[in-house]
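Student: I have a model open and want to go through its architecture. Can we take it piece by piece?

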Amino acid sequence: MLHVKGLNQFYGGSHTLWDVEMAVPRGSITCLMGRNGMGKSTLLRCIMGLTPAANGEIIFNGDDLRKSNADARAALQIGYVPQGREIFSQLTIEENLRIGWYARKDSERMADVLERIYSIFPVLKQMSKRRGGDLSGGQQQQLAIGRALVLNPTLLILDEPCEGIQPNIVHEIGDLLIKLNRELGLTVLLVEQKLPFARRVGQRFEILDKGRFVAKGDISELTDDLVRHHLTV
Ligand SMILES: Nc1ncnc2c1ncn2[C@@H]1O[C@H](COP(=O)(O)OP(=O)(O)OP(=O)(O)O)[C@@H](O)[C@H]1O
């Protein structure tokens with residue numbers, strides 16, 4: 001579904017991504033792993049068109065995403081939950097979700113969209129008039145995921161969704177991703193540093209080390225040796 005080929009990225013003179021090759025098969029949950037500062041968020045931002053890549057291809061359903069801007073990528077039904085969530089703290093839950101709706105180009109009614117999101121996250125319905133900034137970290141993450149799901153994505157990209165969240169909500173987010181994948185066929189690309197979470201939720205892994213992909217495979221092939229070499233600090 002998503003295939004990154006020969007991608008290079010620079011921040012000024014600093015070469016961050018080196019000839020990156022990564023595949024996210026349709027229907028999979030793929031975990032993008034690596035220590036801090038290895039380029040995981042940069043790669044996601046390149047996929048979303050938020051950070052320019054120097055060269056290479058990002059093929060999504062046969063089209064090169066590098067030829068379209070960030071807004072056009074949202075219209076292609078790629079949902080993105082950025083690191084740090086980036087919800088609007090002064091706006092209510094409902095207003096945050098409505099903003100996601102304006103990026104849509106099809107005709108699903110706003111009220112139907114809200115009902116769909118509230119059926120996935122009942123807590124957001126109960127608190128719909130509450131401001132984003134007044135929510136707990138876990139509720140904010142649910143809102144960020146809910147906002148990405150407003151687009152009715154076929155590919156959902158999440159950057160460290162469990163960062164700074166209490167364990168019971170982490171478990172709920174894991175359950176949700178598994179459910180969205182199994183029941184709705186949603187393809188998921190997830191940056192995740194927590195090994196137990198990656199092993200429970202992920203089906204495949206890709207490891208980025210100093211801007212280069214060094215290992216990939218079925219999650220059952222994520223050996224202690226690979227973890228020691230590329231993931232532990
Ligand atoms: N806007 C920027 N300008 C310059 N350098 C940047 C910028 N954003 C990230 N970097 C650098 O690029 C490298 C890769 O950063 P990136 O955030 O992609 O890594 P990461 O693997 O996602 O790490 P983390 O898990 O800490 O978020 C790091 O050395 C970082 O300092």
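Student: How far apart do the C-alpha centres of domain 1 and domain 2 lie?
Tutor: This is a predicted model. The domain assignment gives domain 1 as 2–77 + 154–230 and domain 2 as 89–152. Between their C-alpha centres the distance is 23 Å.

Student: Which element supplies the largest share of the side of domain 1 that touches domain 2?
Tutor: The contact takes 11 residues from domain 1 and 9 residues from domain 2. On the domain 1 side, α2 (70–75) and α7 (167–184) each supply at least two residues. The largest share is 3 residues, and it comes from α2.

Student: Which residue in β10 stands opposite Glu 206?
Tutor: Strand β9 (residues 204–209) runs antiparallel to β10, and 6 bridges join the two. Opposite Glu 206 stands Lys 216.

Student: Which helix gives the most to the shell around the ligand?
Tutor: The residues around the ligand include Gly 34, Lys 40, Ser 41, Thr 42 and Gln 83. By class, the shell divides into 2 nonpolar, 8 polar and 1 charged. The top contributor, with 3 residues, spans residues 40–48: helix α1.

Technical notes
Residues are numbered from 1 along each chain as its sequence is written. This is a predicted model: local features need pLDDT of at least 70, side-chain atom pairs count only at pLDDT 80 or more; totals for chains, interfaces and linings use all residues. Two strands pair if DSSP finds at least two bridges between them. Helices (H or I, at least four residues) and strands (E, at least two) are DSSP runs, numbered from the N terminus. A residue is near a molecule or strand if its C-beta atom, placed from the backbone, lies within 6 Å of it. Ala, Val, Leu, Ile, Met, Phe, Trp, Tyr, Cys and Pro count as nonpolar, Asp, Glu, Lys and Arg as charged, and the others, Gly among them, as polar. Domain bounds come from an automatic or database domain assignment. Two residues are in contact if their C-beta atoms, placed from the backbone, lie within 7 Å.
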